[in-house]
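Student: I would like to learn how to read a protein model step by step. Could we begin with contacts between charged side chains?
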Amino acid sequence: MKTALKIGLCLVIAGCLLNFTGCKKKADEAKPAAEVKAEAAKTAAEVKTEAAKTAVEVKAEAAKTAAEVKAEAAKTAAEQIKTAVSDTVPIADVQVEADKMTVEQLKAKAMEYKNLIVAKKAMIEPLVAKLKAIPLTEQMGTEAKGLQTDIAALNKSVSALTERFQIYYNKLKIMGGDVSGLQL
């Protein structure tokens, strides 16, 4: 009986050893599957990240291209409208230039002149207020004369700008363009 007990005990120990070693092998096999799933998840995350980066890069490139196109269009328009908005541009040059312009260009140029005229008129108002604040006894002084000179120069500039504005404005009306918002 002792021998049978020893054999039974050996079988139980062998069975336990086989069971443990067999479980270990199954665990080892399961571990690579878990690693494969983790790696697949990691790869999927990397693909999503890469796709997001690519989408952002494509959007940035499209925005850059759009900005370049707009800049090129603005440059072309600026080249087409060579004469700067100024009160010193000869009237003949303004008339020749206006004859070559499209409706959109005429409107843009007239708007530039209008904005400059409005800005110069706004510069006159504070000078007139300062001149009025000077007492009558000092109206012939250097400060008053300086203000009067500045006001006269600004009025002359506004007059010259208005004359040039009218050329673009009238040409725009003749061509049937929208002159709303261009009235002085």
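Tutor: We can, and the general idea comes first: a salt bridge is a side-chain nitrogen of Lys or Arg within 4 Å of a carboxyl oxygen of Asp or Glu. Please keep in mind that what you see is a predicted model.

Student: How many salt bridges does a search of the whole structure find?

Tutor: The search, run over the whole structure, finds 2 salt bridges. In one of them Lys-171 pairs with Asp-99, and their closest N and O atoms are 3.4 Å apart. Because Lys-171 lies in helix H4 (residues 142-174) and Asp-99 in helix H2 (residues 91-100), this pair ties together parts that are 72 residues apart in sequence. Asp-99 is exposed, its relative accessible area being 53%.

Student: Which side chain meets Lys-107 in a salt bridge?

Tutor: That is the side chain of Asp-178, with 3.4 Å from N to O. Asp-178 lies in the segment after H4, while Lys-107 belongs to helix H3 (residues 103-133), so the pair ties together parts that are 71 residues apart in sequence. Asp-178 counts as partly exposed at 44% relative accessibility, and Lys-107 is also partly exposed, with a relative accessible area of 27%.

Student: Is Ser-86 buried or exposed?

Tutor: The general idea is that a residue counts as buried when its relative accessible area is under 20%. Ser-86, at 19% relative accessibility, therefore counts as buried. Ser-86 is placed in the loop between helix H1 (2-80) and H2, where its side chain makes a polar contact of 2.8 Å with the side chain of Thr-88. If we leave aside neighbours within four places in sequence, Ser-86 is in contact with Tyr-113, Leu-161 and Arg-164.

Student: What elements does the chain contain, taken as a whole?

Tutor: The chain has 4 helices and 0 strands, and read from the N terminus its elements run α-α-α-α. Of the 184 residues in the chain, 20% are buried. Finally, if you take the contacts between residues at least 6 apart in sequence, 71% of them join residues at least 24 apart.

Technical notes: Residues are numbered from 1 along each chain as its sequence is written. This is a predicted model: local features need pLDDT of at least 70, side-chain atom pairs count only at pLDDT 80 or more; totals for chains, interfaces and linings use all residues. Side-chain values use heavy atoms; hydrogens and water are left out. Helices (H or I, at least four residues) and strands (E, at least two) are DSSP runs, numbered from the N terminus. Buried means under 20% relative accessible area, exposed over 50%, partly exposed in between (1.4 Å probe, protein chains only). A polar contact is a pair of N or O atoms within 3.5 Å; within protein, one must be able to donate a hydrogen and the other to accept it, and residues adjacent in sequence count only if both atoms are side-chain atoms. Contact means heavy atoms within 4.5 Å.
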